[in-house]
Amino acid sequence: MSTSVRIDDTLIEQARAAAKAEFRTVQGQIEFWAKVGRAALDNPDLPASFIAESLMAMAEPREEATPFTPRSKK
């Protein structure tokens, strides 16, 4: 399902530049920003960069993930 919304041209241009750098569509970039913003409001103690990186990590395919291996004690 899609819904049309009016968005300021400046925000669209910023999303276009960020989307190109992140290999997303403009729509995908705006959706990502919305998810980060919503998570930031729900978790005000977490830095936005941590939230963004966590959301990106959660979106990675499981088969491409590297399992966590704790360092052995010396």
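Residues are classed here by relative accessible area, with buried meaning under 20%, exposed over 50% and partly exposed in between (1.4 Å probe, protein chains only). By this criterion Gln 29 is buried, with a relative accessible area of 2%. The structure is a predicted model, in which local features need pLDDT of at least 70 and side-chain atom pairs count only at pLDDT 80 or more, whereas totals for chains, interfaces and linings use all residues. Residues are numbered from 1 along each chain as its sequence is written, and side-chain values use heavy atoms, with hydrogens and water left out.

Helices are DSSP runs (H or I, at least four residues) numbered from the N terminus. Helix α1 comprises 14 residues, 9-22. From its first C-alpha to its last, α1 reaches 20 Å, close to the 20 Å expected at 1.5 Å a residue; the expected span is 1.5 Å times one less than the number of residues. At the start of α1, a side-chain oxygen of Asp 8 comes to within 3.1 Å of the backbone nitrogen of Thr 10. Thr 10 itself lies in α1 and is partly exposed, at a relative accessible area of 47%. Its C-alpha atom is separated by 22 Å from that of Ser 49, which is 39 residues apart from Thr 10 along the chain.

Just after α1, Phe 23 adopts a positive phi of about 60 degrees, a positive value in a residue other than glycine. Phe 23 is located in the loop between α1 and α2 (26-42). This residue counts as exposed because its relative accessibility is 80%.

Helices α1 and α2 pack at an angle of about 100 degrees, with their axes 8 Å apart. The axes are lines fitted to C-alpha atoms, for helices over the stretch in contact, and angles run from 0 to 180 degrees between N-to-C directions. The angle therefore makes α1 roughly perpendicular to α2, a class that covers 65 to 115 degrees. By class, the contact of α1 with α2 has 8 nonpolar, 2 polar and 2 charged residues. Here Ala, Val, Leu, Ile, Met, Phe, Trp, Tyr, Cys and Pro count as nonpolar, Asp, Glu, Lys and Arg as charged, and the others, Gly among them, as polar.

The side chains of Gln 29 and Arg 24 are joined by a polar contact of 3.0 Å. A polar contact is a pair of N or O atoms within 3.5 Å; within protein, one must be able to donate a hydrogen and the other to accept it, and residues adjacent in sequence count only if both atoms are side-chain atoms. Arg 38, also found in α2, is exposed, with a relative accessible area of 56%.

Met 58 is placed in helix α3 (residues 48-59) and counts as exposed at 68% relative accessibility.

Terms used. Helices (H or I, at least four residues) and strands (E, at least two) are DSSP runs, numbered from the N terminus. Angles under 35 degrees count as roughly parallel, over 145 as roughly antiparallel, 65 to 115 as roughly perpendicular and the rest as oblique.
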